[in-house]
Amino acid sequence: LPDLTEETRAKLAALLPREASTANPVDLLGSAVGATYEQVIPILLADPGVDALLVLFVLTIVAETGDVVNAIARAAAGAEKPVVPVVLSAEGAPQT
């Protein structure tokens, strides 16, 4: 995995809880909601060392699967780099 730039890591640190990992792989923690994904994805896509994103979401009690899926789709729209969402949910395949 490539190292993220200090600029990228500083931007992530400003948005995420202190316990989150701003190194690659980034860990948003279980408190992340759709808005978190929507803010973080463009920051990661802008990092020159990132060629693609694998965005993993596991259902939590604080985030709605549909909200997160739609946030990922909005954040990835028009991206020049591939964004591959992986959603683990007991609700089945999410609809966008």
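**Exercises on a predicted model**

The side chains of Glu 38 and Arg 74 meet in a salt bridge with an N to O distance of 2.8 Å. The model is predicted, with pLDDT of at least 70 needed for local features and 80 or more for side-chain atom pairs, while totals for chains, interfaces and linings use all residues. Residues are numbered from 1 along each chain as its sequence is written, and side-chain values use heavy atoms, without hydrogens and water.

**Exercise 1.** Determine which parts of the protein the pair Glu 38 and Arg 74 ties together.

*Solution.* Step 1: the criterion for a salt bridge is a side-chain nitrogen of Lys or Arg within 4 Å of a carboxyl oxygen of Asp or Glu. Step 2: the pair, at 2.8 Å, places Glu 38 in helix 2 and Arg 74 in helix 3, so it ties together parts that are 36 residues apart in sequence. Helices (H or I, at least four residues) and strands (E, at least two) are DSSP runs, numbered from the N terminus. Step 3: Glu 38 has 28% relative accessibility and counts as partly exposed; Arg 74 is partly exposed at 49%. The classes are buried (under 20% relative accessible area), exposed (over 50%) and partly exposed in between, with a 1.4 Å probe and protein chains only.

**Exercise 2.** Describe the salt bridge of Lys 11.

*Solution.* Step 1: the partner is Glu 7, and the closest N and O atoms are 3.2 Å apart. Step 2: both residues belong to helix 1 and are separated by four residues, about one turn of the helix. Step 3: Lys 11 is partly exposed at 42% relative accessibility, whereas Glu 7 is exposed at 53%.

**Exercise 3.** Derive the arrangement of the secondary structure.

*Solution.* Step 1: the protein has three helices and two strands, in the order α-α-β-α-β along the sequence. Step 2: strand 1 (residues 53–58) pairs with strand 2 (residues 83–88) in the parallel sense over six bridges; pairing requires at least two DSSP bridges between the strands. Step 3: Leu 53 has Val 83 in strand 2 as its bridge partner. Step 4: strand 1, helix 3 (residues 65–76) and strand 2 form a right-handed β-α-β unit. Right-handed denotes a clockwise path from the first strand over the helix to the second, with the strands pointing away from the viewer.

**Exercise 4.** State the extent of the protein and its buried share.

*Solution.* Step 1: along the principal axes, the C-alpha atoms fill a box of roughly 35 × 30 × 20 Å. Step 2: of the 96 residues, 30% count as buried.
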